[in-house]
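My entries follow in the order in which I looked things up.

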Amino acid sequence: MRYISTRGRVEAKGFIDTVLMGLADDGGLMVPEQIPTVSAGTLEQWATLSYRELLLEVFALYINDEIPREDLEQLVERSYASFRHPEVTPVKKINDSLSILELFHGPTFAFKDVALQFMGEFYSYVSKKQNEIIHILGATSGDTGAAAIQGVRGKEGIKICILHPHQKVSKVQELQMTTVDDENVLNLSVKGNFDDCQKVIKDLFADLDFKAKHHLRAINSINFVRILAQTVYYFYAYFRAQESSGAKKINVSVPSGNFGNIFSGFLAKKMGLPIHKLIIATNENNILERFVKTGEYKPGDFKSTYSPSMDIQVASNFERYLYYFLGEDAAKVSEYMNNLKTEGRIVIGAEDLKRVQQDFEALGASNEQCLELIKKYKAEYDYLLDPHTACGIAAYEAYNGADEVCVTFATAHPAKFDEAIRLVDIKQEFPAQIEQLFSKPQHQQVVEHDEAEIVRQLEAFYV
């Protein structure tokens, strides 16, 4: 297994070198040279595996034995030791057509923990094995930052700097990042939105001299290991749904802002997992819905919503999908991405749009829809949705057919977004780990949306 760039101008790499590169040196994203396929017989064998066992089998197809099996088992065990549920990502049946995959049982109560706890252990493993300094640099719309910090705080040989949009994440998300007082953590609160933060990160990774000088490593889903780790829970969710639904077709509804989570499902389907429909759920920042419905990928006006982790207009992982959509033609991908940069949009024709619509359904839920669904599901099923999961439920209700069942991903615990929950007069009890955050001092630097100022902060931090 070798890895190449979506833009075709990077020499093929092994697994560890691919993860360490993060953003490809030509500005593209790293993908497997060939996607491994999983036979029906293998799927049957995998169906009864635990989450940890399943992760080992999926990763074995991608890592070229670069991490010995015994070492990988230890990494997996350490990664999920802090999860509060023995299944890691349990599936809860709500009714005969709906189950919810709970992805919030990790230390920061969000789905990002599933990949980032592993990624933190992986970076620590590589740092020790190769005697290498690792400086992690990332941007967050809320959950990635907290999960990444939790994954590497206090680890020797690693420093982490996270950019988040100032006052545009939930209070709990902000506290989870900024109450960490470890010396190897720097939080920069940027006066702008997530797309502003993400652009700075991409620009700094594209500066190959700066990247090499400071040993920069990526934690965002531009890094393929994030995608791969998330692929595992698609298999796990499918098998649990299959157990409870019999021969019905199985759909998956996924709250998605940066296209990373839904791309993991696309990858699982290309590997052979027989998901019927991949349903993209977004909020009022609905660039992905507009692309699936009209064929135009064009950032619109940024809107602050009750689901801030999806307040994103430029979806980084869209380029990976584009690569496969264009027949793995790196030259075409480069042309399309250049069009996005110069003209501000990508447009595909009617025939191509039909192919997109074979891959995905999509719905952008309004703030009002999300609040109504939070109220409805609490009243009817005594199940409290967070606002991102409510977007996923809206998409399930719109696109699930009569002979189908759907697994909707619960991407965060509702306690992380109490500002929205309170709007529908629901009072929730915070988990103790979240409650205690409110009494801790915060550690962050508020900076202008100015790349030069951010670079100055990084230079001082990396000394």
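I first noted that axes are lines fitted to C-alpha atoms, for helices over the stretch in contact, and that angles run from 0 to 180 degrees between N-to-C directions. Helices are DSSP runs (H or I, at least four residues), numbered from the N terminus.

The model is predicted: local features need pLDDT of at least 70, side-chain atom pairs count only at pLDDT 80 or more, and totals for chains, interfaces and linings use all residues. Residues are numbered from 1 along each chain as its sequence is written, and side-chain values use heavy atoms, with hydrogens and water left out.

**Entry 1: H13 and H14.** I found helix H13 (residues 318-325) packed against helix H14 (residues 330-343) at about 135 degrees, with the axes 9 Å apart. In contact (heavy atoms within 4.5 Å) are Glu319, Leu322 and Tyr323 of H13 with Ala330, Val333, Tyr336 and Met337 of H14.

**Entry 2: H16 and H17.** I then looked up helix H16 (residues 367-381) and helix H17 (residues 387-399), which pack at about 90 degrees with their axes 9 Å apart. H16 and H17 are therefore roughly perpendicular. Among the H16 residues that meet H17 are Leu373 and Tyr377.

**Entry 3: Tyr321.** Which residues does tyrosine 321 contact, leaving aside neighbours within four places in sequence? I listed Phe259, Phe263, Phe266, Phe291, Val356, Asp359 and Phe360.

Technical notes
Helices (H or I, at least four residues) and strands (E, at least two) are DSSP runs, numbered from the N terminus. Angles under 35 degrees count as roughly parallel, over 145 as roughly antiparallel, 65 to 115 as roughly perpendicular and the rest as oblique.
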